[in-house]
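Please look through the sequence and the model below.

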Amino acid sequence: MKMSKDRASTSAKLSRRGLLVGAAASPLAAIALPAAAETRPSEPVDHVNLNMEVPFYGSGGQAGVETPPQRYIHFMTFDLTTVNPRDLQVLLARWSAAIAQMAKGETIGQVEPAREHGIGFDTGEALDLGPASLTVTVGLGPEVFSERLGLAAMKPQFLRELEHLPSDAFLPQFTGGDLSLQACADDPQVAYHAIRDLARIAKDTGAASTRWTVMGFGRASAGRNQATPRNLLGYKDGTRNIAEPEDFDRFVWTRDDPVWGGMGSYQVARKIKMHIENWDVDRVSDQNNVFGRFKVSGAPLTGTDEFDTPDFGKTDAEGNHVIPRTSHISLAAHENNDGIKILRRSYNYTEGINEVGLLSAGLLFISYQNDPAHFERLQQRLGAADRLNEYISHIGSAIFFVPPAPEEGHYIGQQMFG
Ligand code: HEM
């Protein structure tokens with residue numbers, strides 16, 4: 001079954017399903033919400049159809065940005081190992097052809113040993129699993145546009161390293177990269193297979209080698225008409241995320257940037273470790289003040305329903321703000337940031353336990369915006385004052401430009417090679 005990447009028909013298909021399920025689950029689903037509330041329905045619409053395909057080719061933005069988040073992610077960054085633009089060109093062409101195949105649930109070649117069939121073979125572990133809504137989103141880091149590859153004139157307008165932000169505590173092994181692959185699917189093995197075979201192609205072309213990677217689950221963000229999932233701190237995450245097409249146009253997609261093709265986006269990836277044991281001994285009433293929301297319902301501290309609009313000005317009898325000014329949502333909300341919004345497309349991750357037996361887990365935070373300064377603006381405030389900082393550390397970071405989707409018969413970034 002094909003899911004169109006085209007926004008209108010994708011959301012039409014999902015809305016239709018949403019209406020059917022919502023109507024079956026509750027006769028109230030059809031009643032209009034009060035004007036002050038968010039528009040996303042609170043009835044969960046969270047089907048997984050492992051036969052669903054999301055096309056790779058198209059005339060708009062790449063799949064995996066506006067696509068409703070799938071359940072699993074495998075994210076990997078790569079270092080360039082060439083100074084020859086032709087090698088990069090070959091890599092992007094081969095990656096594009098392979099991604100298009102895998103998005104259809106097909107292998108990238110015969111399932112045979114490399115010695116007999118060269119790099120064209122497929123490792124086989126995704127055979128019979130279906131497309132599982134696989135999307136692989138390709139990002140280009142700032143170094144792609146340095147002088148060494150001769151592509152400096154093609155640099156997207158705002159692509160640069162992120163400025164140093166308060167609370168940055170990066171470890172080199174989780175930082176940077178010249179290329180990124182964000183593989184998302186409703187089956188973790190489908191996402192794993194995609195990255196594995198694309199990493200093999202990178203090695204074979206001699207253009208890039210692996211740098212850092214995170215495998216994530218339990219999408220910690222909600223798309224249009226999706227039920228809101230929870231992050232590993234137990235809170236609903238993604239309640240007030242970008243969902244409306246107008247907001248995608250205004251805050252996510254570039255228009256005339258870069259000169260060789262609009263409808264791109266800037267991808268920021270942060271590996272954020274959670275100090276889970278500390279969090280677990282905190283009282284829920286304190287935890288609610290950290291986020292400015294109630295844990296079970298997800299409602300803001302000034303409301304009763306998840307989708308009630310937070311009232312950041314409301315004070316109690318003592319004159320204290322009901323949603324603390326240093327709570328996560330008060331610092332990050334668009335109402336308190338000159339209207340700025342970013343698209344969050346994050347996932348939970350775990351790496352088991354660390355060397356002293358503590359749980360090693362956190363959030364692979366990924367955001368898309370049409371100017372990385374928008375992320376910096378929010379993280380500047382969060383990093384300086386967020387109550388959540390006691391329980392998290394930003395240990396990894398990278399930035400990429402995600403070029404538009406290629407038309408059939410073309411490949412990602414083709415225009416920048418002239
Ligand atoms: C481990 C790190 C983080 C956790 C656990 C976390 C969790 C949450 C939760 C539970 C919410 C409330 C529900 C919602 O509206 O989605 C929220 C909202 C939000 N977060 Fe985070 N977040 C984290 C990091 C970040 C970072 C790094 C940024 C951006 C720099 C960010 C930006 C936002 C924004 C813009 C909102 C919506 C605020 C609103 O409009 O009410 N978050 N986050």
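## A serine and its surroundings

A polar atom of the Ser265 side chain lies 3.4 Å from the backbone oxygen of Gln369. This comes from a predicted model, not an experiment.

Ser265 belongs to strand E5, which covers residues 265–274. Is Ser265 buried or exposed? Ser265 has 0% relative accessibility, so it counts as buried; the cut-off for buried is under 20%.

Leaving aside residues up to four places away in sequence, Ser265 touches Val252, Trp253 and Thr254, then Tyr368 and Gln369, and also Phe400, Phe401 and Val402.

## The iron site

Which protein residue is a donor of the ligand's iron atom? His328 is the only one, through NE2, at 2.0 Å. His328 sits in helix H8, residues 328–332.

## Strands around E7

Strand E7 spans residues 347–353. Strand E4, residues 208–217, runs antiparallel to E7, and two bridges join them. Gly216 has Tyr349 in E7 as its bridge partner.

Ile353 stands opposite Leu359 of E8. E7 and E8 form a hairpin, with five residues between them. In that turn, Gly357 has a positive phi of about 85°.

Technical notes
Residues are numbered from 1 along each chain as its sequence is written. This is a predicted model: local features need pLDDT of at least 70, side-chain atom pairs count only at pLDDT 80 or more; totals for chains, interfaces and linings use all residues. Side-chain values use heavy atoms; hydrogens and water are left out. Helices (H or I, at least four residues) and strands (E, at least two) are DSSP runs, numbered from the N terminus. Buried means under 20% relative accessible area, exposed over 50%, partly exposed in between (1.4 Å probe, protein chains only). A polar contact is a pair of N or O atoms within 3.5 Å; within protein, one must be able to donate a hydrogen and the other to accept it, and residues adjacent in sequence count only if both atoms are side-chain atoms. Contact means heavy atoms within 4.5 Å. Donors are N, O and S atoms within 2.8 Å of the metal (3.2 Å for Na, K and Ca); water is not among the atoms, so sites may look incomplete. Two strands pair if DSSP finds at least two bridges between them.
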